[in-house]
Amino acid sequence: NCMKLFVKNIDSSINEMQLEGLFAQFGKVVSTKIVYDTITWESKGFAFLEMVKKEDALKAIEALNGKEIKGRELIVQEAVDKRR
């Protein structure tokens, strides 16, 4: 039972590998996708992560939501599936 996370307010200098490393402290990360502008290729400041275990994802939310990374407070929450 994987759990998808929505992460926003990410500093533009952070790449997917760094972001994944941050979340990997809490459990196995299946995928990390920072959303980039299709024209400028600049980070839009948000990303989606998928973690293998829901309990690990919940631990990551608890630890990282509101945590300051490079001067910006991360907002971490469960991603809402818009297809439902």
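Which residues does S43 touch, not counting residues up to four places away in sequence? The legends below, drawn from a predicted model, begin with this residue.

View 1. Beyond four places in sequence, S43 touches S12, I34, V35 and Y36. Its relative accessible area is 17%, under the 20% limit, so S43 is classed as buried. A polar atom of the S43 side chain lies 3.0 Å from the backbone nitrogen of G45.

**View 2. The open sheet of four strands, in the order β2-β3-β1-β6.** The pairing is antiparallel. The edges are formed by β2 (29-36) and β6, each with a single partner strand, so one side of each has no neighbour in the sheet. On average, neighbouring strands are turned by 20° against each other, direction ignored. Six bridges join β1 and β3 in the antiparallel sense, and K8 has F46 in β3 as its bridge partner.

**View 3. The buried face of helix α2 (residues 54-64).** The buried residues of this helix are D56, A57, A60, I61 and L64. Seen down the helix axis, they fall within an arc of 145° and therefore line one face of α2. The elements covering them include β1 (3-8), α1 (16-24), β3 (43-51) and β6 (75-78). After α2 comes G66, with a positive phi near 90°.

Note on methods: Residues are numbered from 1 along each chain as its sequence is written. This is a predicted model: local features need pLDDT of at least 70, side-chain atom pairs count only at pLDDT 80 or more; totals for chains, interfaces and linings use all residues. Side-chain values use heavy atoms; hydrogens and water are left out. Buried means under 20% relative accessible area, exposed over 50%, partly exposed in between (1.4 Å probe, protein chains only). Helices (H or I, at least four residues) and strands (E, at least two) are DSSP runs, numbered from the N terminus. The arc is that of the directions from the helix axis to the C-beta atoms. Contact means heavy atoms within 4.5 Å. A polar contact is a pair of N or O atoms within 3.5 Å; within protein, one must be able to donate a hydrogen and the other to accept it, and residues adjacent in sequence count only if both atoms are side-chain atoms. Two strands pair if DSSP finds at least two bridges between them. Axes are lines fitted to C-alpha atoms, for helices over the stretch in contact, and angles run from 0 to 180 degrees between N-to-C directions.
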